[in-house]
Structure formats: structure tokens, C-alpha cells
Amino acid sequence: MLVLASSSPRRALLLRERGYVFETVKASVSEELEEGIPPKIGVRQLAVRKAEAGLMQWLELGGDKLDVILGADTMVVLDSIILGKPASPLEAEEILQRLSGRTHAVLTGVALISGSGKIVADVVETIVNFRRLGADEIKEYVATGEPMDKAGAYGIQGEAKKFVTAIQGSLTNVIGLPMEYLSEQLRAWGIEQTNITSREVDNGLSAFEGFTGGTSAP
């Protein structure tokens with residue numbers, strides 16, 4: 001049994017879209033990190049923290065210790081600085097102004113853990129390039145509310161896809177789960193996909209056909 005230790009609707013959609021059957025628990029953990037910690041170390045640490053909290057909650061609910069718990073955390077990094085979720089529309093505008101015309105990294109830490117003591121954790125990186133953004137279009141985008149619960153103040157599967165000129169790496173990693181990497185890991189843990197898949201996130205990905213696994217432009 002696969003258990004997603006996250007309340008993120010985007011991660012749940014990605015798993016369902018790939019045909020995984022899973023349960024969900026909400027892993028409430030502190031997302032504070034040691035000052036100056038390298039982003040790759042920090043995002044991996046948070047993924048492990050979430051997976052461990054999810055395992056504890058799952059076992060308290062009567063789950064099997066052999067079930068596989070998935071924890072993940074995504075960061076947007078520009079010039080080695082972590083750009084988190086905006087606390088206000090003004091902060092969202094400021095973050096998008098910083099990303100305008102620049103290339104940034106999206107890091108997702110992925111951790112798989114079971115009650116038997118087995119754990120695997122790694123970080124997947126995708127490089128994203130934004131075109132230059134006008135002040136008015138930034139304001140219009142922020143007014144949609146889409147940036148407010150997302151690292152880096154944008155959702156590549158939503159309206160922000162028009163800001164992107166190229167990506168290098170996994171597109172689903174930018175959304176919240178690097179499904180190419182994760183599918184390989186889950187297979188090694190004995191978690192297989194079903195034959196029935198959902199296309200719930202397809203609309204957001206269709207504009208980026210051909211992006212995953214290399215550099216391209218829409």
C-alpha cells in the first residue's frame with residue numbers, strides 16, 4: 001500500500017494521473033531549516049521529515065508497518081536563495097519580478113519510508129527559464145490567486161505556463177513530484193501502477209508536450 005504524506009492536491013493528482021492507488025495522511029511538520037543550509041540538503045531533509053511524520057500518523061491509524069509512505073517537498077531556488085510560498089499578494093509580485101527574465105532551479109525532495117526501517121531519499125532538479133514579465137501581467141496573474149500556495153509564486157500547470165520559455169528536466173517535478181524518478185523507485189518497493197489512469201492534470205501539461213527530459217520551448 002502506498003500512502004501519500006501530503007495534503008497537496010497537485011501531488012495527489014499526479015499520482016492518480018499515473019494510475020497509482022494510494023491513501024493520504026496529512027503530515028504536519030515544521031518547515032523551518034537551519035540558516036544557511038544548502039537548498040538540496042534542506043529540501044531532502046524536509047521530505048524525510050514529512051515521510052517520518054506520515055509514517056507515525058499512519059501507524060497510529062492502524063496502518064501496516066510494511067506500507068510505503070511518500071513524503072515530498074518542493075523548493076524554487078534563484079541564485080542559491082530559496083523562494084518560498086508568498087505570504088501576501090505583494091510578496092508574490094516581488095518573487096515573480098525576481099524570476100522575470102531569469103533561469104531558476106526547482107528542487108523536489110522525495111522520501112520513501114516504511115515501518116520496517118527502510119528509507120530512500122533523494123532530490124530531483126529541473127531548470128526553468130522565464131521570459132521577461134511586464135508589471136501589469138504580474139499583477140493580473142497574482143490577482144487570480146494561483147500563486148498564493150505555491151513555492152516561487154507560480155504554477156507551471158496553470159496560467160504561469162505562458163511565462164516559461166524552456167525547461168530542462170522533469171516537468172512533473174516542477175508541479176510537485178518527479179514522476180519519472182518516483183515511478184522507478186516505487187517499482188523497486190513493489191508498488192505498481194494500475195491499468196486505469198486519470199487525465200485530471202492533462203490540460204495543464206498539454207502545452208508542455210516534449211519538455212520532459214530535455215530543453216524545449218512551447
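1. Which side chain does a polar contact of 2.8 Å join to that of D73? The partner is the side chain of K50. The structure discussed in this note is a predicted model, and the distances quoted below are computed from that model.

2. Is D73 buried or exposed? Its relative accessible area is 5%, and because buried means under 20%, D73 counts as buried. Beyond its neighbours within four places in sequence, D73 is in contact with R11, E31, V43, L46, A47, K50, L107, T108 and G109.

3. As to the chain as a whole, it comprises 218 residues, of which buried residues make up 50%. Seven helices and eight strands are present. Among contacts between residues at least 6 apart in sequence, 71% join residues at least 24 apart.

4. The mean pLDDT of the chain is 89, and 89% of the residues reach 70 or more. Two segments require caution. Over residues 196-204 the pLDDT stays under 50, and the model has 16 contacts beyond four places in sequence for this segment. Over residues 212-218 the pLDDT likewise stays under 50, with 22 such contacts in the model.

5. Helix α1 covers residues 9-17, and its buried residues are R10, R11, A12, L14, L15 and E17. These residues pack against strands β1 (2-5), β2 (22-25) and β3, and against helices α5 (171-175) and α6 (179-188).

6. What lies just after α1? There G19 takes a positive phi of about 90°. G19 is placed in the loop between α1 and β2, and at 3% relative accessibility it counts as buried. The C-alpha atoms of G19 and Q193 are separated by 5.0 Å, although the two residues are 174 residues apart along the chain.

7. Strand β2 contains E23. With 38% relative accessibility, E23 counts as partly exposed. Leaving aside neighbours within four places in sequence, E23 is in contact with M1, L2, V3, L4 and W58. From E23 to A12, the C-alpha to C-alpha distance is 9.5 Å, and the two are eleven residues apart in sequence.

8. Helix α3 spans residues 89-99, with A92, E93, I95, L96 and L99 as its buried residues. Why do these line one face of the helix? Seen down the axis of α3, they fall within an arc of 165°, so they line one face. The buried residues of α3 pack against strands β3 (68-78), β4 (81-83), β5 (103-113) and β6 (119-130), and against helix α4 (135-143). Just after α3, G101 takes a positive phi of about 70°.

9. Within α3, E93 counts as buried at 14% relative accessibility. A polar contact of 3.1 Å joins its side chain to that of K139. Apart from neighbours within four places in sequence, E93 is in contact with I138, K139 and V142.

10. How many residues does the largest nonpolar core have? It has 45, and those with the most contacts inside it are L2, L15, L70, F130, Y154 and L182. The largest share of this core, five residues, comes from β3. Another core lies apart from it; this one has 13 residues, including V25, A27, A47 and I113. In soluble globular proteins, nonpolar side chains tend to be buried together.

11. Leaving aside neighbours within four places in sequence, Y154 is in contact with V76, L96, L99, H104, V106, V128, F130, Y141, P147, A160 and V174. L96 and L99 are among the buried residues of α3, and F130 is listed with Y154 among the residues that have the most contacts inside the largest core.

Methods
Residues numbered from 1 in each chain as written. Predicted model: local features only at pLDDT ≥ 70, side-chain atom pairs only at ≥ 80, totals over all residues. Heavy atoms only, no water. Buried < 20%, exposed > 50% of the residue type's maximum accessible area, 1.4 Å probe, protein only. Helix = DSSP H or I, 4+ residues; strand = E, 2+ residues; numbered from the N terminus. Arc of directions from axis to C-beta. Contact = heavy atoms within 4.5 Å. Core = buried A, V, L, I, M, F, W, Y, C linked by side-chain atoms within 4.5 Å. Polar contact = N/O pair within 3.5 Å; in protein donor to acceptor, adjacent residues only side chain to side chain. pLDDT = per-residue confidence, 0-100.
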